[in-house]
Amino acid sequence: MTRTDAPAGPGGTPPRLPSPLVEAVDPRFERRGVRLVLKRDDLIHPELIGNKWRKLTPNLEAAAGRTLLTFGGAYSNHLRATAAAGRLLGLPTLGVVRGQELADRPLNPSLARCAADGMRLHFVDRSTYRYKTEPRTLAGILRAAGAEDAYVVPEGGSNVLAVRGCRALGEELRDADGVDVAALACGTGGTLAGMAAGLGPGRRALGVPVLRGGFLDADTAALQTAAFGARRGDWSLDDRFHFGGYARTTTELDAFAEDFERRHGLPVERLYVAKMLYGLVALADEGAFPRGTTVAAVITGAPFPAAAPRPQAASR
Ligand SMILES: Cc1ncc(COP(=O)(O)O)c(C=O)c1O
């Protein structure tokens, strides 16, 4: 469904909101009496994909023409989305990239895309990057980058405006037919914090962290407190599916993602979405969802470089 009153997005492309909710017939869920639906946030906008639309658009408005500065690693989805948003809106962007050593190497495809979209890249060493949220370190980075007046968005894009923007994801699922559990992959926890707040009573949110460390419960609660004044909604995390940490994978996970693409005709983003889908299949297999449960898997992103969707194969 496309809402006709939705405002035009960056570059004039209207966002597809609410994002589509599609049935996914999958015997691994059916045999447990569980219905699986896919919340296709990856289809919201061709360039501001998934949670990036929900997190970035309120910040782009708040930047009001100032340079938007943000942070990321060499393959950051968030940096690419920010660069694309800047190009679409004619807003200057500056990406602070982890790893001084990268400054002397050819740009990888992800950073090359950022640069092609007009993002100025500023490389910092890993120790400076680690302390970038401390006021003195941040001031030093802004000074060195010549961007003292910039509008600063944190790594991963999860500030108060972004979390409030993600509440609409939960509200869309609340208004959809019969969703009991909404699952998504987590980096900073910002999308989960917003979605859980919007889900309303009787529905629960499940976050699958893709980073190791077990810090996300406190971080997500802190984001909710900053955005809404208190912890909101019924949410929990399952820490078992990070596959060793950010950007780590195994042949088993790769095979799982390829198989999911074949079954459902959906390009599966590997850093986040694949781990969440793997987790859901494992949980269904464990009998973690009571019979009759409808589980919505939120597709928060798309692969980079974009993969052509594969033809849907018979799923039984
Ligand atoms: C595709 C995708 N899914 C999920 C996330 C996690 O979002 P959050 O940092 O709000 O937890 C990200 C973050 O960059 C992402 O790129």
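**First stop: the ligand shell**

Select helix H8 to begin, for H8 gives the most to the shell around the ligand, with three residues. The model is a predicted one, in which local features need pLDDT of at least 70, side-chain atom pairs count only at pLDDT 80 or more, and totals for chains, interfaces and linings use all residues. Residues are numbered from 1 along each chain as its sequence is written. Helices (H or I, at least four residues) and strands (E, at least two) are DSSP runs, numbered from the N terminus.

Next, display the 19 residues around the ligand, of which Asn77, Gly187, Tyr272, Thr300 and Gly301 come nearest. A residue belongs to such a shell if its C-beta atom, placed from the backbone, lies within 6 Å of the molecule. Helix H3 (77–89), strand E7 (181–186) and helix H8 (190–199) are the elements that give two or more residues to the shell. Colour the shell by class: five residues are nonpolar, 13 are polar and one is charged. Here Ala, Val, Leu, Ile, Met, Phe, Trp, Tyr, Cys and Pro count as nonpolar, Asp, Glu, Lys and Arg as charged, and the others, Gly among them, as polar.

**Annotated positions**

Select residues 18–301, the span that UniProt (unreviewed entry) annotates as "domain: Tryptophan synthase beta chain-like PALP". The C-alpha atoms at the ends of residues 18–301 lie 16 Å apart, and the span is 42% helix and 17% strand. UniProt positions are given in the numbering used here, feature names are shortened, and annotations may be inferred rather than shown by experiment.

Now pick Lys52, which UniProt lists for "modified residue: N6-(pyridoxal phosphate)lysine" (unreviewed entry). Lys52 is in helix H2 (residues 51–63). Is Lys52 buried or exposed? Lys52 is buried, with 26 other C-beta atoms within 10 Å. The term buried requires 20 or more other C-beta atoms within 10 Å of the residue's own, exposed means 12 or fewer, and partly exposed lies in between; C-beta atoms are placed from the backbone.

Move to Ser76, where UniProt places the feature "active site" (unreviewed entry). Ser76 is found in the loop between strand E3 (68–72) and H3. Ser76 counts as buried because it has 24 C-beta neighbours inside 10 Å.

**The four-stranded sheet**

Show strands E5, E4, E3 and E6, which form an open sheet in the order E5-E4-E3-E6 with parallel pairing. Strand E5 (120–124) and strand E6 (151–152) stand at the edges, each with a single partner strand, so one side of each is left without a neighbour in the sheet. Two strands pair if DSSP finds at least two bridges between them.

Zoom in on strand E4 (residues 93–98), which pairs with E5 in the parallel sense over five bridges. In this pairing, Arg98 stands opposite Val124 in E5. E3 and E4 also pair in the parallel sense over five bridges, and Thr70 stands opposite Gly95 in E4. Five of the six residues of E4 are buried, so E4 is largely enclosed by the rest of the structure.

Then select Leu91, in the loop between H3 and E4. Leu91 is partly exposed, with 19 other C-beta atoms within 10 Å. Leu91 touches Leu60, Ala63, Gly65, Leu68 and Gly86, not counting residues up to four places away in sequence. Two residues are in contact if their C-beta atoms, placed from the backbone, lie within 7 Å.

**Strand E7 and the cores**

Return to E7, whose six residues are buried, six of six, so E7 is largely enclosed by the rest of the structure. Six bridges join E7 to strand E8 (residues 204–209), and the two run parallel. Ala183 stands opposite Leu206 in E8. Beyond close sequence neighbours (up to four places away), Ala183 touches Leu206, Val208, Met276, Leu280, Val295, Ala297 and Val298.

Select the largest nonpolar core, of 51 residues; those with the most contacts inside it are Ala182, Ala183, Met276 and Ala297. Helix H11 (residues 273–286) gives the most to this core, with eight residues. A second, separate core of 31 residues includes Ile44, Leu94, Tyr129 and Val153. A nonpolar core is a set of buried Ala, Val, Leu, Ile, Met, Phe, Trp, Tyr and Cys residues joined through C-beta atoms within 7 Å.

**Last stop: helix H6**

Finally, select helix H6 (residues 135–144), which is hardly covered: one of its 10 residues is buried. Just after H6, Gly146 takes a positive phi of about 65°.
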